[in-house]
Protein chains: 2
Amino acid sequence: MGVTIHDVAERAGVNSSTVSRVINGKASITPDTKERVYAAMRELDYHPNSLARSLASGLSGVIGVVVDARDAEAFSNVFFSRSLFAIEKVAQSEGYQVIIANGAQSRGMTVENLMKEHKVDGLILPPTTVKPSMMETIGDFPYVVLGTPDTLRGDTCWVDNNNEQGAEIAVKHLQQKGYTRIAYIGGYQKRGFTKRRVRGYLNAVNGPETVLATDGTTDDALRAALEVLREQDRPDAFVCNDNLAAFGLLKACRELNISVPGQVGIVTFDNYPLAEYMDPPLTIVDIDTAMLGEQAARLLFQRIENRSGSQQIMLSTSLIIRASTDRN
Amino acid sequence: MGVTIHDVAERAGVNSSTVSRVINGKASITPDTKERVYAAMRELDYHPNSLARSLASGLSGVIGVVVDARDAEAFSNVFFSRSLFAIEKVAQSEGYQVIIANGAQSRGMTVENLMKEHKVDGLILPPTTVKPSMMETIGDFPYVVLGTPDTLRGDTCWVDNNNEQGAEIAVKHLQQKGYTRIAYIGGYQKRGFTKRRVRGYLNAVNGPETVLATDGTTDDALRAALEVLREQDRPDAFVCNDNLAAFGLLKACRELNISVPGQVGIVTFDNYPLAEYMDPPLTIVDIDTAMLGEQAARLLFQRIENRSGSQQIMLSTSLIIRASTDRN
DNA sequence: ATAAATCATGCAAGCGGTTGCACGATATCA
DNA sequence: TGATATCGTGCAACCGCTTGCATGATTTAT
């Protein structure tokens with residue numbers, strides 16, 4: 001069937017262990033021998049069996065990226081796919097493979113099996129998996145959380161963008177543009193990044209505080225926006241939790257014939273490719289999801305190599321200013 | 001370190017082969033023995049080492065999904081991530097893992113290594129990989145192409161939606177709505193699905209034939225649209241190759257103060273979540289990417305199990321009618 | 001009741017690599 | 001020049017599980 005290391009060894013007139021050493025470059029080998037081995041490998045079209053190699057070495061050469069069903073289905077998978085590709089890129093450069101696992105149905109089991117069945121050497125996890133019970137089964141297995149876990153622990157390794165700071169610069173930009181009644185719209189606000197964005201908003205705002213929770217859909221954002229925009233003292237600017245909220249808001253403005261940015265200014269989160277082509281083009285808090293993925297992967301490999309101390313990386317965000325806040 | 005099958009065997013007072021048989025359910029075992037083995041497994045928190053299992057059984061329990069760098073970076077990764085999750089779902093139900101591989105830099109090598117190093121038991125490939133040279137190295141290894149390969153061969157297995165038919169129903173719908181000068185906009189038109197969509201357009205159209213090629217970006221679609229819309233006998237309807245084209249077109253209409261659907265009707269491809277929230281909401285040719293992924297995965301597993309004859313699956317598309325074609 | 005078939009389980013040889021130890025051949029040093 | 005360190009390679013055990021063959025026990029057939 002397949003060509004094995006022994007076939008190569010025989011052809012090169014050496015022992016299989018020598019071939020192994022040539023492949024892995026872990027010992028000194030005579031140039032001559034090395035050449036013969038390479039020649040034999042080439043002639044036989046030899047490809048080492050990664051399964052055997054993994055078994056012997058104890059390393060699978062694979063890292064796992066766990067995803068939440070919620071994220072998977074949600075629109076935010078633009079976020080996900082960008083990070084994923086960045087992760088894959090780093091992994092590839094390290095000679096690793098990436099497997100994805102939908103933690104949906106049985107989150108605990110997924111992670112546990114991946115680890116304990118030696119399928120992966122490390123994991124990138126969504127913040128929602130970080131719970132005491134989970135942490136216990138993970139133990140000192142190398143992992144990095146992509147996002148900020150709600151329940152913080154000093155020894156948890158994570159990478160996230162600074163949502164709080166992002167909301168703050170959004171608000172400050174609006175204030176600077178002369179908007180005074182700034183509202184926040186979108187998202188389940190008790191959890192995760194939304195909570196932090198709202199906190200940033202509250203820190204920075206000094207006019208009236210208006211926080212409009214939605215169920216995360218565009219439709220619900222539309223409903224909420226219509227409601228608040230019909231009020232007497234309606235907001236003259238919004239920070240949107242994500243594109244879905246921004247879209248609902250934009251639609252509400254159209255329906256009510258409210259001009260953007262004239263009567264209402266808008267800043268939204270997420271670097272959504274089409275934000276630039278909206279009408280008007282949207283000012284955004286730029287989230288570099290690819291960078292997030294890259295950093296997470298790098299951190300993970302660092303931990304795989306030497307299970308060194310934990311680390312948290314917080315990427316600060318910046319504003320991309322477009323027409324939706326361009327008044328004066 | 002880890003608990004092995006021997007530990008379990010010892011604790012249950014049986015031979016490790018018996019434990020193996022209990023786990024794999026491949027032989028008759030006394031209920032009593034079985035119970036003892038299960039108990040031992042539970043007590044020791046035993047997880048079989050999947051690496052060892054794979055090595056012994058010759059099956060990795062993993063399938064690979066190869067992606068094009070182009071696709072990866074492009075906006076169309078919404079397409080990709082939906083398919084991917086559908087694939088993952090099917091794989092999970094079959095007890096398989098999914099690895100993703102970016103074929104970008106060295107497409108040939110990626111696929112070849114995945115196969116020959118026994119990393120995967122089957123592959124899902126993008127149509128661009130299907131070239132004679134590639135096919136030769138793949139041999140009878142189980143694979144399914146997600147999309148229609150440009151160079152067709154009878155024994156190639158693929159799953160795709162019917163792009164030609166999709167374009168036809170788009171054109172017919174526009175005709176029915178009374179549009180007569182229908183144009184096609186977007187995409188590199190010599191290759192892949194765009195070629196087929198254009199063909200469908202040409203089949204169905206009976207007024208003047210206008211096909212506007214773009215480099216695939218929104219900006220270039222905007223440019224092309226502006227140009228053609230300024231002409232004397234400008235089109236009164238467009239079939240768009242994708243959302244990026246649709247966006248550029250929409251922007252051009254706004255700039256020129258052309259009303260949609262009054263003066264220009266628009267149908268676009270891709271089921272892009274926000275198409276519904278555009279201004280106006282866009283009529284689309286619905287591409288069920290999740291279904292595409294699901295079918296591809298099912299077909300692949302079928303081929304992995306019995307390397308049976310090849311099969312092509314063509315999913316027909318349907319129209320979701322919204323305001324962008326709603327005149328009369 | 002005896003021969004034949006079936007069943008439950010053990011034994012041991014793989015699967016295809018990696019790696020610690022050993023050993024002869026060179027190279028280095030005093 | 002002899003003693004010692006270093007180098008290049010082979011031997012064989014091992015990674016943890018699967019599976020064909022063998023064997024004794026139990027059931028079925030005659």
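Hi everyone, let's start where the two chains join: strand E2 (residues 97-102) of chain A and E2(B) pair in the antiparallel sense over 3 bridges. Strands here are DSSP runs of at least two residues, helices (H or I) are runs of at least four, and both are numbered from the N terminus; two strands pair if DSSP finds at least two bridges between them. Within this pairing, Ile100(A) stands opposite Val98(B) in E2(B).

A quick word on the model: it is predicted, so to speak of local features we need pLDDT of at least 70, side-chain atom pairs count only at pLDDT 80 or more, and totals for chains, interfaces and linings use all residues. Residues are numbered from 1 along each chain as its sequence is written, chains are lettered from A in the order in which they are written, and side-chain values use heavy atoms, leaving out hydrogens and water.

Now, how much do chain B and chain A bury between them? About 4,800 Å², 62% of it on carbon and sulfur atoms. Buried area is the accessible area (1.4 Å probe) that two parts lose on being put together, summed over both. Leu51(B), Phe85(B) and Tyr277(B) supply 16% of the area chain B buries against chain A, more than any other three residues.

What about charges? There are 4 salt bridges between the chains, meaning a side-chain nitrogen of Lys or Arg within 4 Å of a carboxyl oxygen of Asp or Glu. In one of them, the side chains of Asp279(B) and Arg254(A) meet at 3.3 Å, N to O.
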